[in-house]
Amino acid sequence: MSMPQRMVRRLERAEALDRVAKPVSKATQWAVKPRIIRNLLSGTYAGHPAHPPLTDVTVGAWCMSALLDAAGGRDTEMASDILVATGVISAVPTALTGLNDWSDTIGGDRRVGFVHAAANTTALSLYVASLVSRARGNRGMGKALGFAGFGMLTVSAYLGGHLAFVKGVNVNRTAWQEGPEEWTPTITEDSLAEGDHRTVDAGGVRVLLHKMDGKVYGIAATCSHMGGPLGDGTFEHGCVTCPWHGSTFRFSDGGIERGPASSPQPCYETRIEGGRIEVRIAPAGLPGGADEARPRRASRRIPVHTP
């Protein structure tokens, strides 16, 4: 195991961080509770988490400013200053979306994310100081502060990459879910009364069935946001709300009514055949089909994240 990996593992086990991280997480959850704020910061309206693309703007601007400061001459000074300012401005929405995503994490992920946020805050402070020094004509100090900020940015970027690509934080938990593509029998029709719901196995896939207005609907039973069990959620107004973080999905097409989820639930067709409820993944062109919510087939599943 490399030294950076050992460092991250120690952060994951540093329970002392919880004394600060937990209260901040709870305060953030309260602040983003309004539906429009939660949806906006989560990327629900865009169908993609909002934080990752925003980081590209901030990181890209500060990386290029560091390059110009290191290798450019007097002719590139204005461009470098503009890039530093661009990074500072874009860091605000980037931080807000990141804080929203982080508030849903627990345990080791929350601890690493807290340090990731602290490193970002330090980098932002250094770049603001750099911008002030440049504006006052102290370019040498401005460059030094910019390079220090870039160093903190590098640490933060490593931690963010660990959360996204090693721990799988905020990835679509249904992305690798398989079909079934053919009609697959599940439970008997008379075992699902009006208003009831059941989580069933359909060819190795967990499907949540719900009967309302005499029709049986089916969507993936695992929440796309963090893998919560939708079968344990609340059911009202034709939707199910995840018990973990409150993501709300429509049964009619798997679409999202409320974040933090940004990926819709895979949606299943249902029919009654021989007294049993049969399901299959909705074909392309239908609500929740391959061009909307249907994931590609694969040979493995995402592990379930439990709070």
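A: **Salt bridges and their surroundings**

Across the whole structure, a search finds 13 salt bridges, a term that requires a side-chain nitrogen of Lys or Arg within 4 Å of a carboxyl oxygen of Asp or Glu. The model is a predicted one, in which local features need pLDDT of at least 70 and side-chain atom pairs count only at pLDDT 80 or more, while totals for chains, interfaces and linings use all residues. Residues are numbered from 1 along each chain as its sequence is written, and side-chain values rest on heavy atoms, with hydrogens and water left out.

One of these pairs joins R38 to D104, with the closest N and O atoms 2.7 Å apart. Because R38 belongs to helix α3 and D104 to the loop between α5 and α6, the pair ties together parts that are 66 residues apart in sequence. Helices here are DSSP runs of H or I with at least four residues and strands are runs of E with at least two, numbered from the N terminus. Both partners are buried: R38 has a relative accessibility of 5% and D104 one of 3%.

Apart from neighbours within four places in sequence, D104 is in contact with R38, H225, M226, H245 and P260, where contact means heavy atoms within 4.5 Å. P260 sits in the loop between β8 (256-258) and β9 (267-273). A cis peptide bond joins G259 to P260, with omega at about 25 degrees.

R38, N39, L41 and S42 are its buried residues, and their cover includes α5 and β8. I36, by contrast, also lies in α3, which spans residues 35-42, but is exposed at a relative accessible area of 58%. I36 takes part in a nonpolar surface patch with I37, L40 and Y45, which together have about 440 Å² of accessible area. Such patches consist of residues with over 30% relative accessible area and no salt bridge; like charges are joined within 9 Å and nonpolar side chains (Val, Leu, Ile, Met, Phe, Trp, Tyr) within 5 Å. After α3 comes G43, whose phi is positive, near 85 degrees.

R250 and E257 form a salt bridge whose closest N and O atoms are 2.8 Å apart. R250 is partly exposed, at 24% relative accessible area, and E257 is likewise partly exposed, at 26%. R271 pairs with E278, where the closest N and O atoms are 2.8 Å apart. In this case R271 counts as partly exposed at 33% relative accessibility, whereas E278 is buried at 10%. Elsewhere, D69, E77, D81, R134 and R139 are linked in a network of salt bridges.

For the whole protein, the charge count is 33 positive and 29 negative side chains, and the centres of the two sets lie 9 Å apart. Lys and Arg count as positive and Asp and Glu as negative, with His and the chain ends not counted; each charge is placed at NZ of Lys, CZ of Arg, CG of Asp or CD of Glu.

The protein that carries these pairs contains 7 helices and 10 strands. Its C-alpha trace spans about 80 × 40 × 40 Å along the principal axes. Of its 307 residues, 43% count as buried. Among contacts with a separation of 6 or more, 58% come from residues 24 or more positions apart.

Conventions: Buried means under 20% relative accessible area, exposed over 50%, partly exposed in between (1.4 Å probe, protein chains only). Accessible areas come from the Shrake-Rupley method with a 1.4 Å probe; for residues, only the protein chains shown count as cover.
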